[in-house]
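Subject: Structure for your review

Dear colleague,

Please find below the structure I wished to hand over to you. My findings follow directly after it, and I would be grateful if you could read them alongside the coordinates.

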Amino acid sequence: KPFETKCRRYLDKMGAYHLKYWGCQYTVAGVPDVLVCLCGHYIAIEMKGDGGRPSDLQLVHIDRIRAAGGYAFVLYPSAFDRFKVFVQNIIDGKCPDHMTMDVIWK
């Protein structure tokens, strides 16, 4: 939770629209934790703590988002600096090829 809060505050600072997706019995299982719109780009982030591991269903959703042209990945605390560079690159118009990006950011 503290890591997710840190990332969401950073996204606020950078002017992104984002929302926390809360899973419950009425929502679709496996959808990434944070859904973001930044400079017209769709970004889906599954947040994990150091010992966390994405489920197979979470990885399926990430693959589907990427296939549809969005950015989607699993983000660990150790990759926060990489995440900040990614966000800045989106803002600067230096958009990486979403299909060549790593799915797991450690």
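Glu4 touches Lys20, Asp33, Val34 and Met47, leaving out residues up to four places away in sequence. Please note that this is a predicted model. Glu4 is located in helix 1, which spans residues 2–13. Its relative accessibility is 9%, and because the limit for a buried residue is under 20%, Glu4 counts as buried.

The axes of helix 1 and helix 3 (residues 80–91) come within 11 Å and cross at roughly 20°. Angles under 35 degrees count as roughly parallel, and the two helices are therefore roughly parallel to each other. The crossing of helix 1 and helix 3 is right-handed. On the side of helix 1, the residues involved are Phe3, Lys6, Cys7, Tyr10 and Leu11, which meet Phe80, Phe83, Lys84 and Val87 of helix 3. Sorted by class, this contact comprises seven nonpolar residues, two charged residues and no polar ones.

Which residues touch the most other members of the largest nonpolar core? Within this set of 22 residues, they are Ile45, Phe73, Leu75, Phe83 and Phe86. At least two residues of the core come from each of helix 1, strand 2 (34–38), strand 3 (41–47), strand 4 (71–75) and helix 3. Helix 3 gives the most, with five residues. In soluble globular proteins, nonpolar side chains tend to be buried together.

As for Ile45, its contacts beyond four places in sequence are Pro32, Asp33, Val34, Val36, Phe73, Leu75 and Phe83. Another core, of eight residues, lies apart from the largest one; Val31, Ile62, Ile65 and Ala72 are among its members.

Two further sites may be of interest to you. Cys39 lies in the loop between strand 2 and strand 3. Its phi is near 55°, a positive value in a residue other than glycine.

The other site is Arg82, in helix 3. Arg82 has a relative accessible area of 35% and is therefore partly exposed. Not counting residues up to four places away in sequence, Arg82 touches Asp102, Ile104 and Trp105. Arg82 and Trp105 are 23 residues apart in sequence, while their C-alpha atoms are 8.1 Å apart in space.

With kind regards

Terms used: Residues numbered from 1 in each chain as written. Predicted model: local features only at pLDDT ≥ 70, side-chain atom pairs only at ≥ 80, totals over all residues. Heavy atoms only, no water. Helix = DSSP H or I, 4+ residues; strand = E, 2+ residues; numbered from the N terminus. Buried < 20%, exposed > 50% of the residue type's maximum accessible area, 1.4 Å probe, protein only. Contact = heavy atoms within 4.5 Å. Axes fitted to C-alpha atoms, helices over the stretch in contact; angles between N-to-C directions. Parallel < 35°, antiparallel > 145°, perpendicular 65-115°, else oblique. Left-handed = near helix turned anticlockwise from the far one by under 90°. Nonpolar A, V, L, I, M, F, W, Y, C, P; charged D, E, K, R; others polar. Core = buried A, V, L, I, M, F, W, Y, C linked by side-chain atoms within 4.5 Å.
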